[in-house]
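Subject: Structure handover

Hello,

Please find the structure below. Notes on what was found in it follow.

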Amino acid sequence: MTALVPEELMADARAATGLEDFGADGFGEGLAIYCEAASAEAQLNAVGAMAVRGTVTSNLANRLRVVDWARHHDKVGAETIDAPVVVIGMFRAGTTLLSYLLDQDGGNRPLLLWEAADSAPPPSPDDYRSGPRVDAARQQAAMLEQLNPRMRAVHHEEADGPTECIAVMSQDFKSLSWEAISNVPTYGRWLLDTDQRSAYEYHHLVLQTLQSGGVRGRWTLKSPHHAIALDALTSVYPDARLVLLHRDPVVLCASVCSLIGTLSGTFSDADHTSYIASHWTAMLEESIRRIEAFRAACPDHPIIDVQYADLVQDPLATVRSIYSSLGTELDGPAESAMRSYVDAHPKGQFGAHRYDLAKLGLDAGELGERFAWYVDGFDIPEEKAVR
């Protein structure tokens, strides 16, 4: 593939938007390292080379629009993001289900898939869930699922539904999303070692921008990425209310390796099985250890622990318990809307997501021993869904 050159991609984004200023330069190092790693390591196919180039450019373009909008609208800087509820993980532990349930409460304000990538001008209450930009995001998601139909069963998101914070953090080029679409060891090592505060400062600016359009409420956010950067997250959002989902780590490892293999396999014809198995199980272990280190260092910042098994078995009771821990109550209309959502969206509605550990390069016994401390520490039920 033709090497990705940061200056060329930035020029493409400027040409596409007619804008010049990318704002604070915290994104530059990550962009350069990712471009070099994707060119040298990812073994992208023709579709992947085109998709990655387009994705980098579109992320830069949205950054240009956000920075420009904030500069010309003083009210953006005056917006406050108070006590957001942040679901910090774990990988494949039910965060999508929980975020969609929280979205049924009209008092909550999620980050939607379409607006994360097309943030300025910000949505108004009239075009928050519909309109040309929502339709465009829906078409783009459909194209990916056409390229790889298995994505619909593995990880499906609605254009007008909640999405991961990494969709915004990718615009600062400190995001697990770049590792999800391409296997880039050099970038992965850099990401774990770098100061991620600039990504959260940019994330904060995007939330201010989006909120300034008039769609308000208690922000309900989520991403497994937050687990590796809780110090940076809480430095920008010191009053964030953290929710941590726990699930059998054997299933988590299998599920995330299946997801990454499916997604990155759309863009590369090479066999990355061994790397994915090694890297993403290590990432899960590092995520758990960093969360526990944060607990030890910041005992006054509570984390609400939630079992995936409880969420799946009784979603409403689980949400009710989370609300109680947040010091609020789940009111009647919100509870009714959540119940209707659960009834309308049975598990596996887009097909079963099955795992074969051997094909994923994983060993259940080894994983069980490796994560025994975590399972025992949080009394996590064993699942039988993996073979």
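Some conventions before the rest. This is a predicted model, in which local features need pLDDT of at least 70 and side-chain atom pairs count only at pLDDT 80 or more, while totals for chains, interfaces and linings use all residues. Residues are numbered from 1 along each chain as its sequence is written, and side-chain values use heavy atoms, with hydrogens and water left out.

Overall form

The radius of gyration of the protein is 20 Å, which agrees with the value near 21 Å that a compact globule of 387 residues would have. That radius is taken over C-alpha atoms, and the globule rule is 2.2 Å times the number of residues to the power 0.38. The C-alpha trace spans about 55 × 50 × 40 Å along its principal axes.

The secondary structure consists of 20 helices and five strands. These are DSSP runs numbered from the N terminus (helices: H or I, at least four residues; strands: E, at least two).

Of the 387 residues, 53% count as buried. Buried means under 20% relative accessible area, exposed means over 50%, and partly exposed is in between (1.4 Å probe, protein chains only). The accessible surface comes to about 16,200 Å², and 52% of this belongs to carbon and sulfur atoms. Areas come from the Shrake-Rupley method with a 1.4 Å probe; for residues, only the protein chains shown count as cover.

Among contacts with a separation of 6 or more, 83% are between residues 24 or more positions apart. A contact is a pair with heavy atoms within 4.5 Å.

Helix 17 and its surroundings

Helix 17 covers residues 315-325, and its buried residues are P315, L316, T318, V319, I322 and Y323. Viewed down the helix axis, these buried residues fall within an arc of 160 degrees, so they line one face of helix 17. The arc is that of the directions from the helix axis to the C-beta atoms. Just after helix 17, G327 has a positive phi of about 85 degrees.

Q313 belongs to helix 16 (residues 308-313). Q313 is exposed, at 69% relative accessible area.

Backbone points to check

- A83 is not a glycine, yet has a positive phi of about 45 degrees. A83 sits in the loop between helix 4 (74-78) and strand 1 (85-89) and is partly exposed at 28%.
- D379, also not a glycine, has a positive phi of about 50 degrees. D379 is in the segment after helix 20 (372-378) and is exposed at 66%.
- The peptide bond from A120 to P121 is cis, with omega near 5 degrees. P121 is in the loop between helix 6 (113-117) and helix 7 (132-147).

A buried serine

S99 is in helix 5 (residues 95-103). With 7% relative accessibility, S99 counts as buried. Leaving out residues up to four places away in sequence, S99 touches P162 and K222. The C-alpha atoms of S99 and L111, twelve residues apart along the chain, are separated by 9.7 Å.

Regards
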